[in-house]
Each structure stands twice: as C-alpha cells, then as structure tokens.
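Dear colleague,

Please find the structure for your review directly below. My findings follow it.

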Amino acid sequence: MKNRRICWEMIILSDFKRTLSIENVKQWFFKTWPIFPAMFYLMSFLVIVLFYLIGLSLNHPCSEINFPTFASFTELFKNEYFNSALINTTLFMILGTPLELITGLFLSFLIFRSFFMRGVIRSLFLIPLALPALVTAMLLFVLFDFPGGHINHIITGGYSWFPQVFDQPINWRGSKLFSMAIALFGKVWRDMPISMLILLAGINNIDPELFDAAKTMGASFRKRAVHVIMPLMIPSISVVLLLRSVEMWKEFIFPFVLAGRYHLLGTLIDFYYNEIGNSHMAATVSIIMVICIVFSTLILMKILELIQKLIVSR
Amino acid sequence: MLWFTGIICALVIVIGPVYLLLKYSVSDINSINTGGNPVPMWPYNPTLQAYVYLFSDSHFYQVLLNSVVISLFTIALGMILGIPASYVLGRYKLPGRKVLLLMIISVRLFPDIASVIPVVEFFIKIGMHQTYLGVILAHTLLALPYIIFIGAGAFESIPDDLEGQAIILGANRFQTFFKLLFPLAMPGLAAAAIYTFLLSWDEFIFSYFLMLGKQEIYTLTLYLNGIKYAEPQNLLAAISVCLSIPVIAFSFMVQKYMVAGISAGSVK
C-alpha cells in the first residue's frame, strides 16, 4: 500500500516537473498569447471593482475616521432607508422567485406536448424576453398611470367588459405596496420565458415512457404532472429558483422606473451615489448586496437539497 | 378545454402589453388625453404623428447616433479582444483551462449595479467619466465574457481534421486561422457580434451611471428614461418601439446564425 502510494507520488511529481519544464511553458505561452489582451482587460476591471468596493466601503467620508473602518457599515445598519430597502428586497426575492417558477411551470406545461402551431405559440411566449427591460418598465409606467392609465380605467368600470372594482383610480406609483407590486409584476412578466425555457428543457429530458406508463395505469393528467413530472423536474426547478433568486436580489430597472421613491438595494445604490453623492455608502450597499446573494444562494441550495432528499425518500 | 383556456390566457398576458405599446405609439394625442373618459382599447384615429415628431427632432437623431456609435465601437473592441481569446479556448486543450474560464467570467459574477460604482469612480479618476470611450469600455466589459464563450463554442465546433489537413498542406498558424478557422467560425462570431450590439443597445445601468448629467452623449435608453415624466405617452411608446425593433429583429437573426452549421460534412 505504502509502495503504491510512493509510486503514485513519483508519477505525479514527474508529471508536474514535465509540465513545468521551460520547453512546456514556452509552448503553453506560444499557444495562449492571443488570450492575454482579453484576460488583461477583464482582470484589470476585476481588480478595479474589488479595490474600489473594498476601499470605499472600509472608508468613511468623515476624515477623522481612518481606513480600515466599519463605520460605513454601522452607519448603514442604523439608517432607515437601508433597513427598509433590505426588507423590500428580501420580500421582492421571497415573493418573486416562486412567482417566476409558477409562471414558468404554467407556460412550460402548456406547450410541452406537441400540438398544431406549437412553434408559433412558443415563439410568442418568448416575446417578453425580446423587449428591453426598460421598455417593459416604461410600458407599465404608462399602463399604471394615475389617474388616466388603462389599468385605472379598467378597475373603475371604464370599460363595459370588466366590472367596476374601485370607485376611485389608484395612484399606483405613489403607494409603496402597489409600486413594488407592479415592479414585481414587470420583472416576472419579462423573465417568465427564461424560466419556461429552463423548465421545458427539464421536461424534455424526462423519459416519455414513464409518463406513458402512468397514463396506462389510469393516472389523470393532473396526477401525472404532480407525481411523475414534478419529482423528475426537481433539478430544473432548482436551477430556476437559484438563478431567479439572484436576479431578484440585484434587480434595478423595474423598481427604478416604477417605484422610484421606495427603494430596493439596487435603487438605494443609485440614491446614495447620484442623489446624496456618497460613494462610500453606495459601495457598502453593493458589498451587502453581494453578501446577501451569496448567503441566500447557499441557504436556498441547502433547502433544495433537503427537499430533494425528502422526495427521494418518499 | 382547460388547456385551451390556459393557452388563450397566456397569450393575452404575453401579447396584451405589447399590443398596448404599439397601440399607444400610433394613438392620436386626443385619444390619450381623454379628460377622464376611458382611453380606447384600440387605436382610435390611428396616426403616425408621434413617429413624425420624433424623426423631425434633431436631438432624437443625436441620441440615435450615440446609441449606434457606442454599440458599433463596443462590437469592434469586443471582437478585437474576444476573437483571439475564443480561438485559444476553442482550439487548444490547455492545462488550466478551467481556471482561465473562471477568470474570464469572474468579473461578471458581480451584479452590474454592484460593480458600476467602482468602474465609475475609476473613470472619474482617469477622466473618462461622461465620455463615449468610458461607456464603450464599460459595455465591452459586459459583453467580452459572452463573446469569448460564444466564440470558443464556434471555434470548438470546427473539426480538428480540417486544421490538420491545412497544416499538412503547409499552412502556418496564421494562415490556418485567417483562411480556414475564422471563415468557418463566422456564423458563431456573427452571433456574438449581434449579441454584443443588443447588449450595448439596450444597456441601461452603466450608461446611466456613466453619462448622467451630460445629455449630449445620452443613448436611447437614457433619453427614454429622461423624458418619462415630461413627454406624452404616445411619444414614450414610439421611442420604446424604436428601441425594441432592432432587438427583436436581431434576436431572430442570432437564432438563424446559431442554426447555420456550415462546417457540417466538410471533412472528407
């Protein structure tokens, strides 16, 4: 056993030495030099991003406090704007992620089986993705206008085909709840094709024989969907949840256009940087956003792992 | 029946807002400012007055030109840096390839809104804030990892035997690249270029932080955002349509290029 280990170590060591020989390094350099300008470009910006984020966040505009200091962090955690933005973003993520999954599941279940004009319908479902996010946000800005937007006319009984729900038009963008809701609606509407495509790929990977076997044994479409398709789709569902949750944390355009006064972490960075002119606070919020993304992803991965184990054990 | 209802509902949800966008853009101003009456659901007295107004405004041309110039220079810089890198990654099985790929994607792991402050601060320091060059460099930063990944896929899909045959016939590395590999990878590289154009054309976060306060260099996205409270809704919709048309058209073109596999069957 010991001899075998020594033998392996010698092989690895000699391989390593061979790899590191001057001739090999020359060859490697000769082959790879075209990659260096791009690498230099990207690495320079990575260094700039890290250097400035850390430098700015561990500094404080007050000249009496020297680098490194957590003064910006402590000040931020006492700040009501930040606390409100953190809660808003967390809620945005908690509500938006499952909503994106549900809409994606809805669309993918509608078009996963073949039918007349399936390709056309699938292309139509991709339209929201083809529109720039700013255009979608601007469209909602117009539709939810106060008092004369389409939505207000619909809910106040302006059209004969829809019952009157409210007596007065709603100032959607003037209310925290409603402005966040329309920002969330816009985000989910625009991104649902991405969820649909990922889930559709997951459904297409399922062996159709399993589905047919359940059908032969008399399972209804609903039962087949819940007991056959869903468990086999856990990997693609996990991908959707992980990717979409990250997107929710870093969302900027929809809350920026539709909920300007009520901040998420993304729009708070803009607020601190462009309105207050405090780059230290803006960088600190950026760092906190990155930390939130990392932690939320780790927690979500753990939860998904547990759910997968639970389903397999059943 | 349930499935059919679902399809109809989904189509209404997906197409409805797009229809309303088009409807607003061809609406007469009197059918938008209705004095409290409901805005018609169809284009009442359809007119192109919003588009006519837009294309008679010299400032709009300036904004359009800014967007085009920034997008084209971003493509140029992105391709100059990205094609050689994607050639290396696509053609050679290098030791440490995974590390190189991780390094390429690493800067994009930061959310745009988190990495924008350091980039703007750096550009302020070197005097490139509120300049075309600053925005082009920032957009190239965003696009370059995608160019490299799409390009590497294009180079990787070319059969090794073709390159081997060229070398046997006496071609050196540069001849092999320019006369064989580059033309064969063209569809993939064109897709990367179109993707870069789309990214730069509708990019908002970096453009906003880098250009805010200097209207002469505003792109279409910034122009649209800047006038959202001031201009009538039909004009906002018309600008939105102008912003969306290249994106939708080029998205279909990218699909076409992605499908084209010109190297299929080229090895005899």
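Between chain B and chain A there are nine residue pairs in polar contact, both residues at pLDDT 80 or more (N or O atoms within 3.5 Å; within protein, one able to donate a hydrogen and the other to accept it, with residues adjacent in sequence counted only if both atoms are side-chain atoms). Helix α1 (residues 2-25) of chain B contributes the most to the side touching chain A, with 14 residues; helices are DSSP runs of H or I, at least four residues, numbered from the N terminus.

This is a predicted model, in which local features need pLDDT of at least 70 and side-chain atom pairs pLDDT 80 or more, while totals for chains, interfaces and linings use all residues. Residues are numbered from 1 along each chain as written, chains are lettered from A and ligands numbered from 1 in the order written, and side-chain values use heavy atoms, without hydrogens and water.

In total, 74 residues of chain B are in contact with 68 residues of chain A (heavy atoms within 4.5 Å).

Turning to helix α7 (residues 160-168) of chain B, B:Leu162, B:Glu163 and B:Ala166 are buried (under 20% relative accessible area, 1.4 Å probe, protein chains only). Seen down the axis, these buried residues fall within an arc of 95°, so they line one face of the helix; the arc is taken from the directions from the helix axis to the C-beta atoms. They pack against α3 (58-91) and α8 (173-201) of chain B. Just after α7(B), B:Gly170 has a positive phi of about 100°.

Yours sincerely

Note on methods. Buried < 20%, exposed > 50% of the residue type's maximum accessible area, 1.4 Å probe, protein only. Helix = DSSP H or I, 4+ residues; strand = E, 2+ residues; numbered from the N terminus.
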